[in-house]
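Dear colleague,

Please open it first, and then read the notes below beside it.

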Amino acid sequence: MILQDEGMMLERIATAAARRPNGVVAFDADGTLWGGDVGEDWLSVMRSDDSIARAWLDETHAADADPAAEERLMELVALGLTGRSAEAVSAYAQRVIAPIDWPSRLHGETIAMLSGIARLDVDIFVVSASPRAIVEACVSRLGIATERVVATTPMFRDGVMVGEVERPIPYGEGKVTCLRRAIGDRPWLAAFADNHFDAAMLRACEIAVAVRPKAALRRIADSIPGLVELAPRTQSNPQPIR
């Protein structure tokens with residue numbers, strides 16, 4: 001993959017936006033905007049919570065041990081607070097992210113891209129398989145509105161979470177389906193992502209950008225037309241999450 005710096009990427013996106021007005025740019029969250037996985041942070045806290053049902057814990061442990069069950073695990077993680085109110089779920093998300101050392105986890109190059117793209121007046125969406133509540137809690141601190149979040153979304157009835165999620169979840173091909181559901185036929189100008197399960201998203205956009213790509217994404221890079229790598233910052237100095 002060819003390395004392109006932040007300035008080059010912004011020029012390409014600006015050109016695409018001028019040619020195709022009303023376009024959007026999509027970012028994966030975990031591994032792309034920040035290091036680590038907030039879904040795993042969420043799961044870790046819930047596994048240590050005595051109020052979580054034992055049957056749910058047993059099922060998540062079983063799914064976690066099965067490499068083929070990753071998508072099912074994403075659903076289970078999002079459903080761990082079944083029976084609680086929407087307000088309680090949001091508060092739980094704040095509890096999970098409160099101790100995280102955000103300045104050390106944010107990726108300076110992608111945080112800079114967020115600012116640059118916002119100045120172009122191009123809408124930014126975040127597409128993640130992590131639970132909606134925790135993704136919203138994180139990206140709202142980066143200035144991204146919660147309505148621009150596409151994530152694994154539990155269903156609520158009468159304000160209480162039930163044991164179902166909206167399908168498909170934004171994982172693999174589901175990332176494309178879910179984002180298209182949100183943006184309709186608006187031009188999809190660019191996508192930023194770090195791993196192989198983001199490949200469908202990277203193939204669906206005009207400008208495909210790898211961010212600190214995992215080995216699994218590097219192995220399939222040739223199958224993603226035009227894929228480039230955003231040059232990482234050796235010393236990141238992003239604005240910390242508030």
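**What was found**

Of the 242 residues of the protein, 53% count as buried (buried means under 20% relative accessible area, exposed over 50% and partly exposed in between, with a 1.4 Å probe and protein chains only). Please keep in mind that this is a predicted model, in which local features need pLDDT of at least 70 and side-chain atom pairs count only at pLDDT 80 or more, while totals for chains, interfaces and linings use all residues. Residues are numbered from 1 along each chain as its sequence is written, and side-chain values use heavy atoms, with hydrogens and water left out.

The protein has 11 helices and nine strands (DSSP runs numbered from the N terminus, with helices being H or I of at least four residues and strands E of at least two). Its C-alpha atoms fill a box of roughly 50 × 35 × 35 Å along the principal axes. The radius of gyration is 18 Å, which agrees with the value near 18 Å for a compact globule of 242 residues (taken over C-alpha atoms, the rule being 2.2 Å times the number of residues to the power 0.38). Among contacts with a separation of 6 or more, 66% join residues 24 or more positions apart, where contact means heavy atoms within 4.5 Å.

Two helices deserve a careful look. The axes of α2 (residues 38-47) and α5 (residues 86-97) come within 10 Å and cross at roughly 100° (axes are lines fitted to C-alpha atoms over the stretch in contact, and angles run from 0 to 180 degrees between N-to-C directions). The two helices are therefore roughly perpendicular to each other, a word that covers 65 to 115 degrees. The contact is made by D41, W42, V45 and M46 of α2, together with V89, Y92, A93, R95 and V96 of α5. These residues divide into seven nonpolar, no polar and two charged.

R105 counts as buried because its relative accessibility is 18%. Leaving aside neighbours within four places in sequence, R105 also has contacts that include L33, W34 and I100.

Finally, Q4 lies in strand β1 (residues 2-4) and is buried, with a relative accessible area of 15%.

Kind regards

Definitions and conventions:
Parallel < 35°, antiparallel > 145°, perpendicular 65-115°, else oblique. Nonpolar A, V, L, I, M, F, W, Y, C, P; charged D, E, K, R; others polar.
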